[in-house]
Amino acid sequence: MAAERPAAEVDPVARVLPLLPLPHLDREFDYLIPRELDADARPGVRVRVRFAGRLVDGFLLDRVATSDHPGRLGRIERVVSAEVVLTPEIAALADEVATRYAGTRADVLRLAVPPRHARVEAEAVRVTEPPVPPRVDRAAWARYRHGDNFLDALVAGRTPRAAWQALPGEDWPRRLAELAAVTAARGRGAVLVVPDQRDLDRVLTACVDLVGDDHVVGLAAGLGPAERYRRWLAALRGSARIVVGTRAAVFAPGPAIGLLVVWDDGDDLHCEPRSPYPHTREVAALRAHACGAAVVVAGHARTAETQALVEAGWAHDLVAPREVVRACAPRIVALADSDRALARDPAARAARLPGIAFEAARAAIGAGRPVLVQVPRRGYVPALACGKCRAPARCRRCNGPLALPSAGGPDGAAVPACKWCGVADATHRCHACGARSLRAVVVGAGRTAEELGRAFPGVPVVTSGGSEVKATAPESAALVVSTVGAEPVAAGGYGAALLLDGWALLGRADLRATEETMRRWLTASALVRPASEGGRVVVVADSGIPTVQALVRWDPVGHAAAEVAERAEVGFPPAVHMAAVDGAAPAVAALLEATHLPAGAELLGPVPLPPGQRLPFGADDPEPDEVHRMLVRVPRDRGRALGSALRSAQAGRTARRTDGPLRVQMDPPRIG
C-alpha cells in the first residue's frame, strides 16, 4: 500500500465544466490542479482538460478541498488564460437558460462568452469613473402615463419593470440612451439589446452623444474577433458600463447590471437560431429576476408575450394617453373605409394601388417630401397563381412553385420558371382548372419600383431590401420602395406611407401572422409625419379586418390583449408553454416515453412536417427522410418543469446512444 502524501502536498481539486455537445455530459467533473497552475486556476477561467483521451476546452467553476469521486482524478492540462471570463452571475444564468430551454450549458456559454483573443487580453486595462448624471428630456417622458415616476425610480436605484409603447415619431434611441445613462451614472451597468445593425448604430450614436464613447461599447456579430473580444472585455472589466448589441449581447457581463432593455421583441432576429434557441426577452427576464435589475421591453408594437407579462403584473404599462397618441400619429386610412370612398373608387378593393394611395403619394411628393412604399417581398414577381381559380402555380416536373424572373424584354415579358429546379414552363396549365392565365401572388419590390417609376416620372426611386438595406432616405421628394423590416429613416419623417399587399401578410398560415403584420405596419407608420403636418398612411387591406382597425386607431395594446385572449381560448402560447419535438417518429416516441412530464401535460401529434417547415437539427447525423413533430403543452406555471424534464430525458437518451437526431425547442416562434 502506497504511503499517504502529507496534506500540504495534496493537489487542490477543481470543478470543471467541459464544453461538450452531449447532454449527458453537461455536468461538472473533478480535476486536480497542478501546483504550477494554482495561482491562475481561479473560478471563471478557461482551462484545457483531457476528457476521454482528448483535450477539450472548459471552464473552471469552483475549487473544493476534496472530491467525492472514488477513482483517480486527472489533472488540468493548462489554464488558457488567467482572465476570469465566466462570472458567477453568467454561470448561474447559463444554467437557468439551459433548464428553461431544455438545452446544455455548453451551448448557452458559446453564446455568452466569445472566443479568446490573446493579444487583446494583454492590452492595458482602461479605468473609467461613472459618467456624470445626464441631461434627460423629462418633457418627453412626461407624455407617457407614469413616465416621470418610472424615471424617478431608475434615478433612485430601484428596479422597475415596464412595457414601453413608444409614440409614433418618438426619438426612441435617445430615450433608451437616457435610461442607460441614468443607470450608468449610479455606477451600475446597462444592457440594451436591439434586433439588427441599423438599430444598433442609432442607439449607439445616441448613447455616445449623451455620455461619451469611453462608457459605451457596441457588440454585434459583424465585428472581427479581436474587436468583439476587446469590447466584451471592456464590459466585463467595468470600464464600459453601457452595452448596446444584438441578440447575444443579452449575456454581456458587467460588475453590477442595473438595467436590461429589449427593443422590438417581436422581431424574429431576437430568437436564437442555434440550440437551445433562447429568446432575448425571456433571457432578459430570467437575468433581471436573478440579479435584481430593471427591465424595459419597448417598441412601437406589442407582442402577446409582453402583454401577458403586463396582465400577470410582472411588468407595468408605460403608454401615452389617447389624446397624445392622436396628436403624434399620422392619418391612417384603409380601403373603402366609407361608402363615399367606395363610390369614388369602386375598384379599390381589387386594385393593388387604389386611388387613395396615388392621391396620398402625389400630395406628399408635391410638398417635397419622400413617400415610403412597403411591400411584403423583395424581387420581381416572387410567386404565381392561376389567373382563374387562384390555385398556386406548380412545376410539372418537381411540383415546386413557379415564379417570374426580372423582366427580360422591353415589354416586360418573361417565362415563368420553377424556384426549386429552375426549369422554365412557357406552356403552363393549371393543375386544378386547366386555365393558362397566371397572376402574381405577391409583386416584389423590384417590380413595384418599376411600376411607380412609370407612374411618377422624374421622381427618384430608391429601393431598400435584401442585401442592399438603406439606413436613411432622401429628405426631398422621392419614392422609397422597401421590403418589410428594411424601411430607411427619413429626417423629419415621410410625407406618406403606402402599405401594399396587406392580404399577403395577414393570410399566412401562422399563429403570429396578425401580430407580425401589426408590428410591420406600425414600424413603417411610425416613420411618417403626424397628421397635423400632413402625414398620411394608406394600408391596402380591407377596413373591416380587426388588425386594420387596430392600426387605424393606433392601438397596439388592445390588439395584443385580443391576441392573448384568443390564444388562451385555444391553448396556445403565451397562455401556455409548449415544446416542439422534431425527428423521426420512433425517436420522438422514445424521448417522450422516457420523459417524466409535469402534471397537466398534453401531447398533440405527431404530425409529419413538409420540407419547407423543417429546421436544421444541429447534429452530425443526416436528417431523417420523414420528420415528425410532437407538441407538448403544459400550463403557464410549469414551463420550467417541462424544460427540465426534457433536458433530463435528452441526457438519458444520449447516454444510451439512441440513434436518430432530435430537435427540441421550447415555445417555438412557429408551431407549424
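Predicted model: local features only at pLDDT ≥ 70, side-chain atom pairs only at ≥ 80, totals over all residues.
Visitor: Which residue does Glu305 form a salt bridge with?

Guide: Arg567, with the closest N and O atoms 3.9 Å apart. Glu305 sits in helix H10 and Arg567 in helix H18, so this pair ties together parts 262 residues apart in sequence.

Visitor: Is Glu305 buried or exposed?

Guide: Buried: its relative accessibility is 9%, and the cut-off for buried is under 20%. Arg567 is buried too, at 3%. The Glu305 side chain also makes a polar contact with the side chain of Arg512, at 2.9 Å.

Visitor: What about a pair within one helix, such as Glu516 and Arg520?

Guide: Those two are 4 residues apart in helix H16, which means about one helical turn separates them. Glu516 counts as buried at 18%, and so does Arg520 at 14%.

Visitor: Now the helix pair. At what angle do H1 and H20 cross?

Guide: Roughly 85°, with the axes coming within 7 Å. Angles of 65 to 115 degrees count as roughly perpendicular, so that is how H1 lies to H20.

Visitor: Which residues make the contact?

Guide: From H1 they include Asp95, Glu96 and Arg100, and from H20 they include Arg640 and Arg647. By class, the contact has 1 nonpolar, 3 polar and 5 charged residues.

Terms used
Residues numbered from 1 in each chain as written. Heavy atoms only, no water. Axes fitted to C-alpha atoms, helices over the stretch in contact; angles between N-to-C directions. Parallel < 35°, antiparallel > 145°, perpendicular 65-115°, else oblique. Contact = heavy atoms within 4.5 Å. Nonpolar A, V, L, I, M, F, W, Y, C, P; charged D, E, K, R; others polar. Buried < 20%, exposed > 50% of the residue type's maximum accessible area, 1.4 Å probe, protein only. Polar contact = N/O pair within 3.5 Å; in protein donor to acceptor, adjacent residues only side chain to side chain. Salt bridge = Lys/Arg side-chain N within 4 Å of Asp/Glu carboxyl O.
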